[in-house]
Amino acid sequence: MTTASVKMDQSFTKMRSSLSKYAKTNDRRMVLRSMREVKFLACIPLEPVQPDEASLHSLEAELSQDSILLNSIAFHSSKEFPTVLHELCLKLCEMDGVTVNPRYLYEQLVIRMARSTAAADSHFKLNAIMGSPDIIIMPVAMKKTPTPIELNLFVHKGNVHAQLSTAINCGLFRKVDVKPLESAKNNGRPWISLSTVVDERVNFSNGESVRHLRVKVPEH
């Protein structure tokens, strides 16, 4: 474990203790202050994307109902998006020097792009570093016009690269305030709303990737 990793773990441990303490007294101001003091929330390492249990068809349907920026081209609830993405994968994989299988590339992108994939990983990670007997991190409803999923897909020197950013809304809830069915229905007003973004950079030609979670703490 690197020195930076040790410092990050120590910082998160201290923050988790403070959040639990102030949640008991319903001191929202001190919770926000404690979170703002943790610089590591701006860049939390995430594990690589794992195979999704959901079917590819369900993830394609999810993307067809979302807002997406693909190489700066906007798609809003477009049923044509999976077809466009598949055609782009075919085109890129036909370029000189590219050895990536277009079907593999397409499937990996669909899994990574689905907002449900990013949401599951971000909620798991945030509960690991913030959760306690007093606090839980849960999903909250997305805006009617959500921040688009951004994907830049390109070839450089025979390598297929993707740069992906996915915004996720979640909330910090005091467990004492959560009603029995709220966690299942993802409703109820959070004690503190959090805006998070999952960023990933991946080279599909050599399998290398870097994935981080950014947390924006509200001012009030």
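Analyst: Helix 6 gives the largest share of the lining of the largest pocket, 5 residues. Helices (H or I, at least four residues) and strands (E, at least two) are DSSP runs, numbered from the N terminus. This is a predicted model, in which local features need pLDDT of at least 70 and side-chain atom pairs count only at pLDDT 80 or more, while totals for chains, interfaces and linings use all residues. Residues are numbered from 1 along each chain as its sequence is written, and side-chain values use heavy atoms, with hydrogens and water left out.

User: What volume does the largest pocket have, and which residues are closest to its centre?
Analyst: Its volume is about 240 Å³. Of the 12 lining residues, Glu47, Pro48, Asp121, Phe124 and Arg211 are the closest to the centre. On a 1 Å grid over the protein atoms alone, a pocket is an open set of points with protein on both sides within 12 Å along at least five of seven lines, whereas a cavity is a set of points where a 1.4 Å probe fits but cannot get out; lining residues have an atom within 4 Å of a point. Grid points are joined across faces, edges and corners, and a volume is the space filled by probe spheres set on the points.

User: How does that lining divide by class?
Analyst: The lining of the largest pocket has 5 nonpolar, 2 polar and 5 charged residues. Ala, Val, Leu, Ile, Met, Phe, Trp, Tyr, Cys and Pro count as nonpolar, Asp, Glu, Lys and Arg as charged, and the others, Gly among them, as polar.

User: Which elements give two or more residues to the lining of the second largest pocket?
Analyst: They are strand 6, strand 7 and strand 8. The second largest pocket has a volume of about 190 Å³, and its lining includes Met142, Asn169, Thr196 and Arg214. By class, this lining has 5 nonpolar, 4 polar and 3 charged residues.

User: How many cavities of 30 Å³ or more are there?
Analyst: The count is 1 cavity of 30 Å³ or more. The largest cavity has a volume of about 40 Å³. Among the residues that line it are Val49, Arg112, Leu164 and Glu200, and strand 6 and strand 7 each supply at least two residues of the lining.

User: Back to helix 6. Is His123 buried or exposed?
Analyst: His123, which lies in helix 6 (residues 115-130), counts as buried because its relative accessibility is 11%. Buried means under 20% relative accessible area, exposed over 50%, and partly exposed in between (1.4 Å probe, protein chains only). Leaving aside its neighbours within four places in sequence, His123 is in contact (heavy atoms within 4.5 Å) with Ile137, Met138, Pro139, Ile168, Asn169 and Cys170.

User: And which residues of helix 3 are buried?
Analyst: In helix 3 (residues 56-64), the buried residues are Leu59, Glu60, Leu63 and Ser64. Seen down the helix axis, they fall within an arc of 145°, so they line one face of helix 3. The arc is that of the directions from the helix axis to the C-beta atoms.

User: Why would residues a few places apart point the same way?
Analyst: An α-helix has 3.6 residues a turn, so residues three or four places apart point the same way.

User: What covers the buried residues of helix 3?
Analyst: The cover includes strand 2 (67-70), helix 4 (81-93), helix 5 (102-113), helix 6 and strand 5 (149-156).

User: Which members of the largest nonpolar core touch the most other members?
Analyst: Of its 31 residues, these are Met35, Leu41, Leu126, Met130 and Leu172. A nonpolar core is a set of buried Ala, Val, Leu, Ile, Met, Phe, Trp, Tyr and Cys residues joined through side-chain atoms within 4.5 Å. Helix 1 supplies the largest share of this core, 6 residues. Apart from it lies another core, of 29 residues, among them Val98, Leu109, Ile111 and Ile149.

User: Where is Leu213?
Analyst: Leu213 lies in strand 8 and is buried, with a relative accessible area of 0%. The C-alpha atoms of Leu213 and Thr196 are separated by 6.8 Å, although the two are 17 residues apart along the chain.

User: Finally, where is Lys157, and what is its phi?
Analyst: Lys157 is found in the loop between strand 5 and strand 6. Its phi is near 55°, a positive value in a residue other than glycine. Lys157 is exposed, with a relative accessible area of 75%.
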